[in-house]
Amino acid sequence: MGVIILKVLKLHALRLVRLILLIAIALTAAWLEGEKVVQAGKSSYLKRPHEAGRQQQRASKFSVGLSAHNLIVAFHQCQELIKELLNAVGNKRRFYRQGLKAITLIQQPL
């Protein structure tokens, strides 16, 4: 009975280590993406501009990286809906072009 419990605990520990490693890789990837966007000077498309009286930045490189990824994924998944909405409401084309420019700049390699 004791041997079975030890094997189960070892499996749970291995699963926990793998989960922690997966989370660490995901966090690092998001931070690196944010670092790339900030260094390229494209973060203004993803976060609010700096406020004069504010001591800390509003968005970290991690959140900028997540926002960049989410923006690109949402853009590609909603392409048909975007075209329908643009046909229905034509006065929003200028904003669409601004967003398209931002997505293009974010997707460009350094």
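Guide: A helix is here a DSSP run of H or I that is at least four residues long, and helices are numbered from the N terminus. The model under discussion is predicted. E33 and K36 form a salt bridge, in which the closest N and O atoms are 3.6 Å apart. That distance meets the criterion, because a salt bridge requires a side-chain nitrogen of Lys or Arg within 4 Å of a carboxyl oxygen of Asp or Glu. A search of the whole structure finds 1 salt bridge.

The position of the two partners along the helix deserves attention. E33 and K36 are 3 residues apart in helix α1, so about one helical turn separates them. The general rule is that an α-helix has 3.6 residues a turn, so residues three or four places apart point the same way. As to exposure, buried means under 20% relative accessible area and exposed means over 50%, with partly exposed in between. E33 therefore counts as partly exposed, at 24% relative accessibility. K36 is likewise partly exposed, because its relative accessible area is 24%.

Helix α1 comprises residues 2-39, and L22 lies in it. L22 counts as exposed because its relative accessibility is 55%. Together with L16, L19, I20, I23 and L27, L22 makes a nonpolar surface patch of about 580 Å².

The protein chain has 4 helices and 0 strands, and the pattern read along its sequence is α-α-α-α. Of its 110 residues, 16% are buried. The chain exposes about 8800 Å², of which carbon and sulfur atoms supply 64%. When contacts between residues at least 6 apart in sequence are considered, 65% join residues at least 24 apart.

Helix α2 follows. Its 17 residues, 61-77, should span 24 Å at 1.5 Å a residue, and the end C-alpha atoms are 24 Å apart, so the expectation and the model agree. The buried residues of α2 are V64, G65, A68, I72 and F75. These residues cover an arc of only 105° around the axis, which means that they lie on the same side of α2.

Helix α3, residues 79-88, contains L86. L86 counts as buried because its relative accessibility is 11%. Leaving aside residues up to four places away in sequence, L86 touches K92, R93 and Y96. For the pair L86 and Y96, the separation is 10 residues in sequence and 8.3 Å in space, C-alpha to C-alpha.

The buried residues of α4 are A102, I103 and I106. Viewed down the axis of α4, these buried residues fall within an arc of 95°, so they line one face of the helix. T104 also belongs to helix α4, but T104 is partly exposed, because its relative accessible area is 40%. T104 and I72 are 32 residues apart in sequence, and their C-alpha atoms are 9.3 Å apart in space. I72 is one of the buried residues of α2.

Key:
Residues are numbered from 1 along each chain as its sequence is written. This is a predicted model: local features need pLDDT of at least 70, side-chain atom pairs count only at pLDDT 80 or more; totals for chains, interfaces and linings use all residues. Side-chain values use heavy atoms; hydrogens and water are left out. Patches are made of residues with over 30% relative accessible area and no salt bridge: like charges are joined within 9 Å, nonpolar side chains (Val, Leu, Ile, Met, Phe, Trp, Tyr) within 5 Å. Accessible areas come from the Shrake-Rupley method with a 1.4 Å probe; for residues, only the protein chains shown count as cover. Helices (H or I, at least four residues) and strands (E, at least two) are DSSP runs, numbered from the N terminus. Buried means under 20% relative accessible area, exposed over 50%, partly exposed in between (1.4 Å probe, protein chains only). The arc is that of the directions from the helix axis to the C-beta atoms. Contact means heavy atoms within 4.5 Å. The expected span of a helix is 1.5 Å times one less than its number of residues.
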